[in-house]
Amino acid sequence: MMASLSLSTLPTSTPTKKPLFSKTSSHVKQSHRFKVSCNSAANNNEKTVKNSETPKLILPKTPLEMQNVDRRNLLLGLGGLYGAANLTSIPSAFGTPIAAPDNISDCVTASSNLQNANDAVRGLACCPPVLSTDKPKDYVLPTNPVLRVRPAAQRATDEYIVKYKAAIQAMKNLPDEHPHSWKQQAKIHCAYCNGGYNQEQSGFPDIQLQIHNTWLFFPFHRWYLYFYERILGKLINDPTFALPYWNWDNPTGMVLPAMFETDGKRNPIFDPYRNATHLPPAIFEVGYNGSDSGATCIDQISANLSLMYKQMITNAPDTTTFFGGEFVAGDDPLNKEFNVAGSIEAGVHTAAHRWVGDPRMANSEDMGNFYSAGYDPLFYVHHANVDRMWKIWKDLGIKGHTEPTSTDWLDASYVFYDENEELVRVYNRDSVNMTAMGYDYERSEIPWLHSRSVPHTKGANVAAKLVGIVKKVEDVTFPLKLNETVKVLVKRPTKKRNKKNKQEANEMLFLNKIKFDGEEFVKFDVFVNDVDDGVETTAAESEFAGSFSQLPHGHKHGTKMSMTSGAAFGLTELLEDIEAEDDDSILVTLVPKIGCDDVTVGEIKIKLVPIV
């Protein structure tokens, strides 16, 4: 009998009277762990919740529409601390927003230098069909739209599943060159994320437009799903139709939703290019390294919840760490020195892509490579939950949890075919209000809110005891190669920070100028004060700061795809948990997991980042 998941105790996902956390709080108090069972049916143990029960949170006092001061100009006035963190490109305050080309025929073959281009089973021509030479119209959100409520996939009713499959089948029945066809919808991701477009619309025709590893990641994919969902609804004549979301942040949703597997009948949402070893009852791994952890069901769930807490709270305290680094016209996505992926993009987002993708295929098609990911129906359901993370992160009410306010972000734009086959241009500024966009998410418990890590060991002055044994960062020759485990001592900017200090600034560990092969799956783990005691530190423990990971890209140029990025990890809670707040320095350990033979790190530093 197929094992699956249930919860014996879960908190409500959000209160209805006040934010989950005080706006002045820099962290969440450690709470109890949840009791979980791996025996009962995952898709039957949670009641379907009506949309009226979706939590309504008190949002931050300075909503986007009330903020009239450019955030980067404010940060400049704070003495440049944030700029020094290298996660923000201050000069881009005077730049030009990224814009997809008006002339979509300017699209080029996206991935001629894919690592295994000759074996690219989905094809490398990712450009959309050109129905007209007219300039795209600026899209206007419908007034008073019918609300679409996206259900959790593991709780979808039989009636809904029939409707969903009918919509996908109708899309697959369209001619390939129709802009609404399954093939053309899949190509959108390939074109935008594998170098199909350049920045000619913004005056830089020789520089690639890239969605990933930048602050464009969340809004682009929100618009992508928005039109995909509306097209499906129109195909079945149902204006209320909404995509399901793969609820991988909840134990009851941590297996591949059953509706996506074949049952001996033709199933339009089945994809043959999936990892056969990860079918139910296999538990999804939020920290997937390219090989299975071998953890028990309970241990894997615990690790998943802890990692979700890290990616949503500890390592995402502000706009940049959650959304990703700034990317404006003229920036080269392959060589931008301080490019950075947001915590969710580099974390659970990448893990799910790789966990689902088929390792038997030359390029890990479908989900395991950007060029082919859109051909798997699960891609859109996965990204629906990624989009839900944006909503949850914002609704937590924590100071600093807001969208970017710079016009470089607000006025960035993309071009899509809408449900009426009209070519339209959409802007980030119109993606921040889900109510105006006409959709919401069915309520689901979020137990990771109470899954702050516990320490492997506690002990002060770990770094001090290793002086003379492990090099100090100032004595290291950069760039550091990660073909083996690297340890380094890093001095903190201050110590013994009080509550007020923590409310004013987050202490962050930055790994900058990370260079890697963009055609490889790359992942390394980061630990703080992890002492070798003969017992491996797990992802559920405080010393595990997080990971850097990248999914393979394709590349249109005729050279090796060398990319540059960065990563940030929260230290405030971590140092509290391991009782190292009084230490002058910390031990940072980088552990390569996969694809790291040619990876280098150009800088390691700790900075205080103002909370604004």
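Tutor: The protein chain has 13 helices and 18 strands. The model is a predicted one. Of the 612 residues in the chain, 61% count as buried. Among contacts in the chain with a separation of 6 or more, 81% are between residues 24 or more positions apart.

The part to look at closely is helix α9 and its packing. Two packed helices are described by the angle between their axes and the distance between the axes. Helix α9 covers residues 377–395, and helix α8 covers residues 343–356. The axes of these two helices come within 11 Å and cross at roughly 160 degrees. An angle over 145 degrees counts as roughly antiparallel, so α8 is roughly antiparallel to α9. The crossing of α8 past α9 is right-handed.

On the α8 side, the contact is made by Ile344, Val348, His349, Ala352, His353 and Val356. On the α9 side, the residues are Leu378, Phe379, His382, His383, Val386 and Met389. Sorted by class, this contact of α8 with α9 has eight nonpolar residues, four polar ones and no charged residues.

The crossing of α4 past α9 is left-handed. From α4, the residues Trp182, Gln185, Ala186 and His189 meet Pro377, Phe379 and Tyr380 of α9. By class, the contact of α4 with α9 has five nonpolar and two polar residues, and no charged ones.

Now for the surroundings, beginning with a hairpin. Strand β5 (residues 198–199) and strand β6 (residues 204–208) pair in the antiparallel sense over two bridges. Gln199 stands opposite Phe204 of β6. Four residues lie between β5 and β6 in this hairpin, and Gly203 in the turn has a positive phi of about 95 degrees.

Next come the sheets. Strands of a sheet pair through backbone hydrogen bonds, either parallel or antiparallel. Strand β8 (residues 423–427) pairs with β3 in the parallel sense over two bridges. Within that pairing, Lys137 has Val424 of β8 as its bridge partner.

Another open sheet is formed by four strands in the order β11-β16-β13-β14, with antiparallel pairing. Here the edge strands are β11 (486–491) and β14 (544–550), each of which pairs on one side only. From one strand to the next, the twist averages 25 degrees. Six bridges join β11 to strand β16 (residues 585–594) in the antiparallel sense. Lys491 stands opposite Ser585 of β16.

A cis peptide bond with omega of about 15 degrees joins Pro280 and Pro281, and Pro281 is in the loop between α5 and α6 (297–314). Phe478 and Pro479 are also joined by a cis peptide bond, with omega of about 0 degrees. Pro479 is in the loop between β9 (439–441) and β10 (480–481).

Lys496 is a residue other than glycine with a positive phi, near 55 degrees. Lys496 is in the loop between β11 and α12 (499–504) and is exposed, with a relative accessible area of 56%. Asn529 is not a glycine either, and its phi is positive at about 55 degrees. The loop that holds Asn529 runs between β13 (522–528) and β14. With 3% relative accessibility, Asn529 counts as buried.

Notes: Residues numbered from 1 in each chain as written. Predicted model: local features only at pLDDT ≥ 70, side-chain atom pairs only at ≥ 80, totals over all residues. Heavy atoms only, no water. Pairing = 2+ DSSP bridges. Axes fitted to C-alpha atoms, helices over the stretch in contact; angles between N-to-C directions. Parallel < 35°, antiparallel > 145°, perpendicular 65-115°, else oblique. Left-handed = near helix turned anticlockwise from the far one by under 90°. Contact = heavy atoms within 4.5 Å. Nonpolar A, V, L, I, M, F, W, Y, C, P; charged D, E, K, R; others polar. Buried < 20%, exposed > 50% of the residue type's maximum accessible area, 1.4 Å probe, protein only.
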